[in-house]
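Subject: Structure handover

Hello,

Here is the structure I promised you. Please open it first, then read my notes below.

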Amino acid sequence: MKEDNCLHAALICLGMLYYSHAITAEKLNHPRPSLHGHHEKGKEGQVLHRSKRGWVWNQFFVIEEYTGPDPVLVGRLHSDIDSGDGNIKYILSGEGAGIIFVIDDKSGNIHATKTLDREERAQYTLTAQAVDRNTNRPLEPPSEFIVKVQDINDNPPEFLHENYHANVPERSNVGTSVIQVTASDADDPTYGNSAKLVYSILEGQPYFSVEAQTGIIRTALPNMDREAKEEYHVVIQAKDMGGHMGGLSGTTKVTITLTDVNDNPPKFPQSVYQMSVSEAAVPGEEVGRVKAKDPDIGENGLVAYSIIDGDGMEMFEITTDYETQEGVVKLKKRLDFETKKSYSLKVEAANVHIDPKFISNGPFKDTVTVKISVEDADEPPVFLKPSYIFEVQENAASGTVVGKVHAKDPDAANSAIRYSIDRHTDLERYFIINAEDGNIKTIKALDREEIAWHNISVFAVEVHKQHQEAKVPVAIKVVDVNDNAPKFAAAYEAFVCENARSNQQFITISADDKDDSANGPRFIFSLPPEIIHNPNFTLRDNRDNTASVLVRREGFSRQKQDLYLLPIVISDGGLPPMSSTNTLTIRVCGCDSNGSLLSCNAEAYILNAGLSTGALIAILACIVILLVIVVLFVTLKRQKKEPLIVFEEEDVRENIITYDDEGGGEEDTEAFDIATLQNPDGINGFIPRKDIKPEYQYMPRPGLRPAPNSVDVDDFINTRIQEADNDPTAPPYDSIQIYGYEGRGSVAGSLSSLESATTDSDLDYDYLQNWGPRFKKLADLYGSKDTFDDDS
């Protein structure tokens with residue numbers, strides 16, 4: 001700090017001396033400048049026009065970061081017209097006027113009242129003017145000038161990053177560029193050496209160096225090995241003032257990492273590997289692992305393994321596990337301890353990627369010997385063949401030997417073997433095996449036509465180790481024997497026309513044999529010796545396993561015989577041959593002139609002969625009896641009067657009593673014509689079903705309104721009848737509503753005559769005279785005698 005303060009003071013002194021020297025030189029060389037131009041008279045009295053003069057300087061300087069007790073004098077403004085009497089007033093305006101820069105309005109001296117920072121602002125533009133103090137009238141036109149802030153070295157260099165990271169390949173040549181670091185200085189680069197930087201390395205020697213002017217870091221030692229040291233920390237300094245004494249400095253840290261190159265070959269840590277594997281191991285099973293170490297990383301450290309020699313090359317293989325960089329030895333074929341007990345392999349490990357720059361460091365591979373010992377295992381028995389195929393003739397006697405299987409114990413103990421048949425493969429128990437020697441025999445006769453092949457499995461188990469067993473498939477073919485005679489290939493039924501011609505062929509037949517082809521065709525067709533001269537039909541062997549049946553004579557009659565049975569003998573080609581007699585049914589049919597079939601029925605010709613007279617009479621009698629029963633049943637149904645519509649018994653509306661005689665007391669069963677209340681649609685045969693919901697609701701017709709109780713009953717009933725007839729939702733009866741209404745609130749009371757014979761009535765029935773002509777009869781019967789006499 002003391003050095004900095006001394007430096008500041010020295011710079012201020014230099015500035016002041018520079019300023020004083022400039023003022024003195026200006027006064028000696030130039031008269032005091034005027035703020036405006038004025039007239040001068042020449043020697044001969046002519047008026048000379050002098051051009052406008054400026055200020056003493058158009059530029060002032062002030063040193064930054066000045067921290068003295070008094071304001072810094074920047075400069076002085078003075079006009080030629082200023083006579084010193086104080087009538088001129090100097091005014092300062094512009095950037096920082098009145099805040100940073102103040103002017104003495106009498107003397108024109110300008111002072112800086114605050115400490116200035118060039119890095120914050122390098123210059124200020126101000127305007128000066130001289131005015132009359134009393135009237136403020138400008139005496140000089142305004143004039144601009146600049147105040148520049150003089151730089152001092154007050155800013156240290158700063159790097160763009162606090163920490164840098166860089167990579168460089170290992171074993172790089174000396175001088176290999178690693179990274180360039182850059183610092184900046186806020187001081188003025190155009191003034192002095194305040195911003196002139198020089199780079200140097202503080203930490204990292206002797207591995208790296210830095211260029212003083214550019215900041216480029218380079219390698220300084222050859223053959224730097226990543227495997228020895230991978231990361232380096234370097235400190236770089238940037239110093240201003242060209243690196244001279246008193247300059248300011250800044251530092252940064254650079255982390256340099258050496259990247260890997262393939263400069264190391266793989267190397268096995270030992271010369272021999274010992275491994276063991278059981279003889280029971282299956283191909284593909286892992287035997288062991290080897291690993292060659294390579295200090296390189298990434299693709300430079302990838303190693304591939306291979307078997308290049310040894311007596312186990314055919315039995316073993318090796319693959320590379322790239323995650324662990326190990327060589328995995330696997331079994332390639334099954335081993336046999338009793339045959340060979342050990343194997344030797346020569347395994348090579350080589351780099352996958354090789355850098356040509358370091359090929360001289362090679363070879364980039366290594367070899368190792370792998371010795372593998374085979375361990376004895378308790379193995380199950382082994383059959384001499386993977387499968388067996390035997391043959392046996394069908395129908396062979398029980399106990400016939402089919403074949404023999406054989407297994408042995410591969411172990412050195414050579415244990416005894418016991419055999420058995422897997423009964424899941426021989427459910428019908430056709431075969432049996434000798435447990436001692438493995439001979440397979442039949443238990444019962446075999447039929448090739450039923451099962452041509454028998455596929456069974458045989459177990460071999462060690463006597464003393466029941467868990468050690470083996471299984472082998474055995475296929476037994478049943479050899480065919482000619483034990484099936486040929487038969488018709490189908491159920492033939494032939495038809496021959498009544499008008500058939502002689503030697504006319506009417507059917508071709510073929511045969512089928514269940515035996516094998518060796519014991520089947522060729523088939524021979526013939527007629528039995530006893531009918532070889534059959535007068536009706538003859539047979540022709542076509543020698544292609546078919547035969548044709550021909551007509552021997554002309555004309556057949558269905559009336560005489562409509563069915564013929566022709567025996568045919570069929571023989572096969574087996575040794576010895578077998579034959580069978582098959583019957584061909586031939587029906588006589590009627591045909592047209594072209595031979596087309598018309599009818600084969602013979603009932604019309606044999607009806608009279610087939611039925612006796614008694615049978616016909618019995619059939620006719622049964623028919624007559626049935627007809628009589630039907631007629632009686634129909635007659636009874638007609639006599640019984642049934643209602644048009646049957647309703648349920650629970651429906652009270654069907655209990656309608658028909659009064660035969662109007663006003664006849666208890667015998668009055670026809671007091672009211674119920675037909676008046678019936679639906680006209682029902683009379684015509686149309687009766688709506690009450691179990692079907694109507695498609696629309698009935699709306700009363702206009703003009704049809706219920707009559708009050710006081711109106712004429714006849715009109716009331718007619719109105720109700722008309723409404724019911726026109727109501728599509730009404731049931732086919734409407735008597736219930738009539739009787740239900742009639743009994744409510746009637747002055748006459750009940751009209752029933754059930755009690756009229758035992759009870760005297762004192763009621764007055766004169767009102768019946770007002771009910772209309774339909775009630776006239778009642779009015780005559782029940783009305784008063786006087787009324788009756790009057791009416792009569």
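Strand β31 is joined to strand β32 (residues 439-442) by 3 bridges, and the two run antiparallel. Keep in mind that this is a predicted model.

**Disulfides**

How many disulfides does a search of the whole structure find? The search finds 2.

One joins C497 to C591, with an S to S distance of 2.0 Å. The angle about the S-S bond is -80°, and this link of C497 and C591 is left-handed. C497 lies in strand β36 (residues 493-497) and C591 in strand β42 (residues 579-591), so the pair ties together parts that are 94 residues apart in sequence. Are C497 and C591 buried or exposed? Both are buried.

C589 and C600 form a disulfide as well, with their sulfur atoms 1.7 Å apart. Here the angle about the S-S bond is 105°, and the link of C589 and C600 is right-handed. C589 is in strand β42, while C600 is in the loop between β43 (597-599) and α2 (603-610). The two cysteines are 11 residues apart. Both C589 and C600 are buried.

Count the bonded cysteines along the chain and the disulfides follow the pattern 1-3, 2-4. C622 counts as partly exposed, at 47% relative accessibility.

**Salt bridges**

Side chains of opposite charge can pair when their charged atoms come close. A search of the whole structure finds 20 salt bridges.

Start with R171. D225 forms a salt bridge with R171, and the closest N and O atoms are 3.7 Å apart. D225 lies in the loop between β16 (216-219) and β17 (231-239), and R171 in the loop between β11 (163-169) and β12 (177-180), so this pair ties together parts that are 54 residues apart in sequence. D225 is partly exposed, with a relative accessible area of 21%. R171 is partly exposed too, at 26%.

R171 also meets D263 in a salt bridge, at 2.6 Å from N to O. This pair links distant parts of the chain, 92 residues apart. D263 sits in the loop between β18 (249-259) and β19 (272-278). Is D263 buried or exposed? D263 is buried, with a relative accessible area of 5%.

Next, look at R218 and E211. They form a salt bridge, with the closest N and O atoms 2.9 Å apart. R218 is partly exposed, with a relative accessible area of 25%. E211 counts as partly exposed at 29% relative accessibility.

**A nonpolar patch**

Which residues make the nonpolar surface patch of about 470 Å²? They are L616, I619, L620, I623 and L627. I619 lies in helix α3 (residues 613-639). I619 is partly exposed, with a relative accessible area of 45%.

Best wishes

Notes
Residues numbered from 1 in each chain as written. Predicted model: local features only at pLDDT ≥ 70, side-chain atom pairs only at ≥ 80, totals over all residues. Heavy atoms only, no water. Salt bridge = Lys/Arg side-chain N within 4 Å of Asp/Glu carboxyl O. Helix = DSSP H or I, 4+ residues; strand = E, 2+ residues; numbered from the N terminus. Buried < 20%, exposed > 50% of the residue type's maximum accessible area, 1.4 Å probe, protein only. Pairing = 2+ DSSP bridges. Patch = residues over 30% accessible without salt bridge, like charges linked within 9 Å, V, L, I, M, F, W, Y side chains within 5 Å. Areas by Shrake-Rupley, 256 points an atom, 1.4 Å probe, with all protein chains shown as cover. Disulfide = S-S within 2.5 Å.
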